[in-house]
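Subject: Structure for you to look through

Dear colleague,

I am handing over a structure that I would like you to look through slowly, with the sequence beside it.

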Amino acid sequence: MTPKIGGEQGYLRIATEEAFTTPELVAAFRDELAAPDVDPGFQSLIGFYLDHPAERPQFIARALLDLGEARIADMDARGIDRQVLALTAPATNALRDVDRATMVAQTANDRLAEAIAKYPTRFSGMAACAAQDAPRAAREIERAVTKLGLTAVVINSHILGEYLDNPKFFEVLEAIEALQVPLYIHPSTPPASMIGPMLEAGLDGAIFGFGVETGMHALRIITAGVLDRFPRLQIVIGHMGEALPFWLYRLDFMHQAGVRTGRYECMKPLRKEKVSNYLREHFHITNSGVAWPEAIRFTQKVIGEDRVLYAMDYPYQCPVEEVAALDAMDMPLETKRKFFQTNAERLFKIA
């Protein structure tokens, strides 16, 4: 039976990692692709989704640009009551012209706010920024949250090969924490410094490389002590936590072993001691792209059922069969309501 919107099953379905793009970003992507020194991961990812003639990338390219009736119709057909929208990866993170990246972020935030105003019961949104210029990014985040009403910030993992544990980006994190909105770290293709063996095996994208790169990003933030510096910062990661929940035991054991021996100068003791404590207190995890009840239940058990949320990953992965499969999960209704609806309402300030 086709899922329907409206909550007759006992909960609304709020999808929390849903992508869009803008003509300005597409144009910037095309210019990056035309550059003589194009990043290999960017070429692999964007070169495929912009121009490949296969049905799937063609559907994705069209769907990303739509913030109107066609997207609403796709949501209705899949039983999705609301999408929490974010500028598609790698967004501004891959743009080397900082002024252009800033313009793309500002324009995207304006367009997203307009769409939310038009469809206030169907869309919510995350602010984009160009973290390459941290002061301007912080100002744009403040504008997008306080003036446009966006309720989260998205950063598509590494910023031209650099990560958010670098102090140069702390002004961005300070702004996010001060505004009390979550930061969604969405994957990107691994940077040139790590992509080689993945690319040659076709493993650089969503199949594996995304999770490896973004899971590492999250761990860098934790082990560098960034969350001790920003103790109120809340972070969202998708794809069932980029596998980190399944590594918790070994992460804790080996991190503490490294701290005790002083093996790495960069690895210092943490206020909350264990990596797992930071994952349970600072991270929220969506199941985007992972319609697997066993993984969802495990993550609810080890991270907490108040911190695991539903996401579809539209338009990249959006078969209606996945929605029906998750509706059928063997799970108490109240837990299922948290997963599909109320955790998202609380985190993204959805009335």
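Helix H12 (residues 248-261) has 14 residues, which at 1.5 Å a residue should span 20 Å, and because its end C-alpha atoms are 20 Å apart, the two values agree. The expected span is 1.5 Å times one less than the number of residues, and helices (H or I, at least four residues) and strands (E, at least two) are DSSP runs, numbered from the N terminus.

Please keep in mind that this is a predicted model, in which local features need pLDDT of at least 70 and side-chain atom pairs count only at pLDDT 80 or more, while totals for chains, interfaces and linings use all residues. Residues are numbered from 1 along each chain as its sequence is written, and side-chain values use heavy atoms, with hydrogens and water left out.

In H12, Leu248, Leu251, Asp252, His255, Ala257 and Gly258 are buried, where buried means under 20% relative accessible area, exposed over 50%, and partly exposed in between (1.4 Å probe, protein chains only). These buried residues of H12 pack against H9, H13 and helix H14 (293-303), with contact meaning heavy atoms within 4.5 Å. After H12 comes Gly262, whose phi is positive, near 65 degrees.

**The sheet**

Five strands form an open, parallel sheet in the order E4-E5-E6-E7-E8, two strands being paired if DSSP finds at least two bridges between them. Strand E4 (153-155) and strand E8 (308-309) are the edge strands, each of which pairs on one side only. E4 runs parallel to strand E5 (residues 183-185) and is joined to E5 by three bridges; Ile155 has Ile185 in E5 as its bridge partner. Helix H9 (residues 209-223) packs on the sheet, touching E5, strand E6 (235-237) and strand E7 (283-286), and its direction makes about 135 degrees with that of E5. Helix H13 (residues 275-282), which lies across E6 and E7, runs at about 75 degrees to E7. For these angles, axes are lines fitted to C-alpha atoms, for helices over the stretch in contact, and the angles run from 0 to 180 degrees between N-to-C directions.

**A residue in another helix**

Ala61 is placed in helix H3 (residues 55-65), and Ala61 counts as partly exposed because its relative accessibility is 23%. The C-alpha atoms of Ala61 and Asp51 are separated by 8.5 Å, although the two are 10 residues apart along the chain.
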